[in-house]
Amino acid sequence: MNIKKFALILLSVTISHILFAEQLRDTFGKNGLVFEPVQIQVQNLKRSYTFVWISDLHVIADDISEVAPKSQPGQRRKRDKRFNNIRSGMKPSAVWKKLPGLLNGFECDAVFFGGDICDVGSIANLTVLKDGFKQLKKPFIYLREDHDMTPWCLANKDTAEQQRISKEIDGHPAVPFIEYDDLIVVGIDNNITNVTAEALAELKKHCAKNKPVIVLLHVPINAKDNISLNLLRKEDRRYNHMWRAFMRPDQNTRDLISLITDKNSPVKAVFAGHLHFSWDGMLSPGVRQHIFAPAYEGNIGLITITPSE
């Protein structure tokens with residue numbers, strides 16, 4: 001094949017991809033969803049990767065009968081107004097029903113659900129989530145966090161049925177991961193609490209494989225010396241709700257943070273949510289952290305990881 005013909009084919013493919021991407025953005029946009037793009041470069045990759053991040057959607061099912069009577073008015077306000085999409089007005093449960101079809105039509109390597117996908121761990125909420133996950137045809141990682149599994153405002157605090165439903169989604173691993181030929185993505189489930197020794201050991205195992213590692217958290221790690229993040233923390237005390245800020249790590253969690261931020265760490269990036277605002281900066285000279293804005297506002301993270309020179 002001559003160079004001119006190859007260039008024309010390449011141009012045609014590029015234009016097709018651009019048009020396809022614009023079409024998808026229009027499709028997502030009609031449902032009040034916008035992309036929050038993040039691009040990082042990683043050495044020794046054989047190809048580029050595209051991932052989608054979704055966190056803090058706070059789905060609430062129509063059925064709130066499991067909620068204690070005194071808490072039902074608050075759940076009703078959240079369901080019918082508080083967490084409605086700011087662009088489309090859609091409830092999170094309506095957005096969730098649309099998401100599998102939208103994601104199935106999107107070219108990506110995997111989807112990361114970074115916690116608080118539902119607002120409280122009720123049987124009704126988890127059943128709605130399970131129905132959506134059953135329709136999803138993409139590889140995914142789902143981190144369960146405080147809102148996903150905790151029965152805070154439920155009348156019945158027994159969560160045996162919720163645990164069963166959760167395992168039906170993906171087995172509910174404590175340290176879910178996806179391993180590629182030249183990259184490993186590792187999630188830490190339930191990092192709203194201090195990590196377990198088992199979770200720390202799993203991350204150590206992945207970090208010893210001589211591949212770049214991407215870590216998924218729900219609760220971010222405070223970048224102690226970062227001026228912009230510390231200014232945000234002073235403006236609103238909820239921004240303190242990070243590890244090494246208001247949340248004090250025990251030895252296991254300190255060791256996990258050190259494993260991530262060490263100068264020789266294979267970890268290249270940390271992705272998180274939880275704070276309901278967007279921030280991007282460095283945890284250490286070699287490790288970038290991006291905190292994604294919440295999906296209930298219509299924000300969908302679009303992560304592109306490319307080989308560096």
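**Burial and charge pairing in a predicted model**

Arginine 164 is partly exposed, its relative accessible area being 38%. The model discussed here is predicted.

Reader: Why is arginine 164 called partly exposed?
Author: The class lies between under 20% and over 50%. Arginine 164 has a relative accessible area of 38%, so the residue is termed partly exposed.

Reader: What makes the contact of arginine 164 with glutamate 161 a salt bridge?
Author: The N to O distance between the two side chains is 2.5 Å. The cut-off is 4 Å, so the pair qualifies. Both residues lie in helix α6, 3 residues apart, about one turn of the helix. Glutamate 161, at 31%, is partly exposed.

Reader: Why is arginine 144 called buried?
Author: Buried means under 20% relative accessible area. Arginine 144 has 1%, and therefore counts as buried.

Reader: How do you know that aspartate 170 forms a salt bridge with arginine 144?
Author: Their closest N and O atoms are 2.6 Å apart, and the limit is 4 Å. Aspartate 170 lies in helix α6 and arginine 144 in the loop between β4 and α5, so the pair ties together parts 26 residues apart in sequence. Aspartate 170 is partly exposed at 28%.

Reader: What makes aspartate 280 and arginine 288 a salt bridge?
Author: The closest N and O atoms are 3.0 Å apart; since a salt bridge requires a distance within 4 Å, the pair is counted. Aspartate 280 is partly exposed at 34%, as is arginine 288 at 22%.

Conventions: Residues are numbered from 1 along each chain as its sequence is written. This is a predicted model: local features need pLDDT of at least 70, side-chain atom pairs count only at pLDDT 80 or more; totals for chains, interfaces and linings use all residues. Side-chain values use heavy atoms; hydrogens and water are left out. Helices (H or I, at least four residues) and strands (E, at least two) are DSSP runs, numbered from the N terminus. Buried means under 20% relative accessible area, exposed over 50%, partly exposed in between (1.4 Å probe, protein chains only).
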